[in-house]
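Please open the structure in your viewer and keep the selection panel at hand, as this tour goes from one selection to the next.

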Amino acid sequence: GTNPLGALHLYAQGYSTETVVFYRFFTGAILLFAIMLLQKMSFKINARECKILVAFGFFFAISSLMYYASFKYMDAGLASTLLFLYPLEVAVIMSLFFKEKMKKSVIASIAVSMVGVSLLYNGDKGFSVSSIGWLLVFISSFTYAIYIVMANRVNLEMGSVKMTFYAICFCLVFLLLYSV
């Protein structure tokens, strides 16, 4: 929830979206590396885990780049609110592709969420939301939803710190490739 605070300040200083996202994940990787060292966790991963973690890094990179870029096209608070529609998207993906039965309470939650989004869209006079901003946030939340579904389905046998560390490291690689 605090992502926009730092990002907007750095944008005002002239930093690009790619740079802000890179610094965010680089700092996270350093902190997780230190935690793994202090807890004497193994850094070893096998080929299957590596492939999955590369995919996680890819989805992290896309989601974060789109989310941070949306701040340039819409209010950061609105972008943050819209990002958190990803649970709705997870429910739809699980229902469509994994035949998970959607409960009435989930359907009701989706309906209430959509009403809430429509109220945000029809906000104050003079308040406008760019189509590009909406698209960027949608891509961000959708790719994050895919990441959540993958994390749920692939059954990695490692702790969350190690998984996040490697996902962030691969995210950094994708960010560097994108920047080049």
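Begin with H3, which gives the most to the lining of the largest pocket, with four residues; helices here are DSSP runs (H or I, at least four residues), numbered from the N terminus. The model is a predicted one, in which local features need pLDDT of at least 70 and side-chain atom pairs count only at pLDDT 80 or more, while totals for chains, interfaces and linings use all residues. Residues are numbered from 1 along each chain as its sequence is written, and side-chain values use heavy atoms, with hydrogens and water left out.

Now display the pocket itself, whose volume is about 280 Å³. A pocket is an open set of points on a 1 Å grid over the protein atoms alone, where a 1.4 Å probe fits, with protein on both sides within 12 Å along at least five of seven lines, and its lining residues have an atom within 4 Å of a point; the volume is the space filled by probe spheres set on the points. Of the 15 lining residues, select Asn 3, Arg 24, Ser 64, Leu 83 and Tyr 144, which are the closest to the pocket's centre. Helices H2 (17-38), H3 (47-70), H4 (76-83) and H7 (131-153) are the elements that give two or more residues to this lining. Coloured by class, the lining shows eight nonpolar, six polar and one charged residues.

Next, select H4 and H7 together, whose axes, lines fitted to C-alpha atoms over the stretch in contact, come within 9 Å and cross at roughly 35 degrees, on a scale that runs from 0 to 180 degrees between N-to-C directions. At this crossing, Ala 79, Leu 82 and Leu 83 in H4 meet Trp 134, Val 137, Ser 140 and Ser 141 in H7, where contact means heavy atoms within 4.5 Å. By class, that contact has five nonpolar, two polar and no charged residues.

Stay in H7 and select Ile 148, which is partly exposed, with a relative accessible area of 26% (buried means under 20%, exposed over 50%, partly exposed in between, with a 1.4 Å probe and protein chains only). Not counting residues up to four places away in sequence, Ile 148 touches Tyr 86 and Val 90.

Finally, return to H3 and select Cys 50, which at 27% relative accessibility also counts as partly exposed. Leaving aside neighbours within four places in sequence, Cys 50 is in contact with Ile 45 and Phe 170; Cys 50 and Phe 170 are 120 residues apart in sequence and 9.4 Å apart in space, C-alpha to C-alpha.

Key: Nonpolar A, V, L, I, M, F, W, Y, C, P; charged D, E, K, R; others polar.
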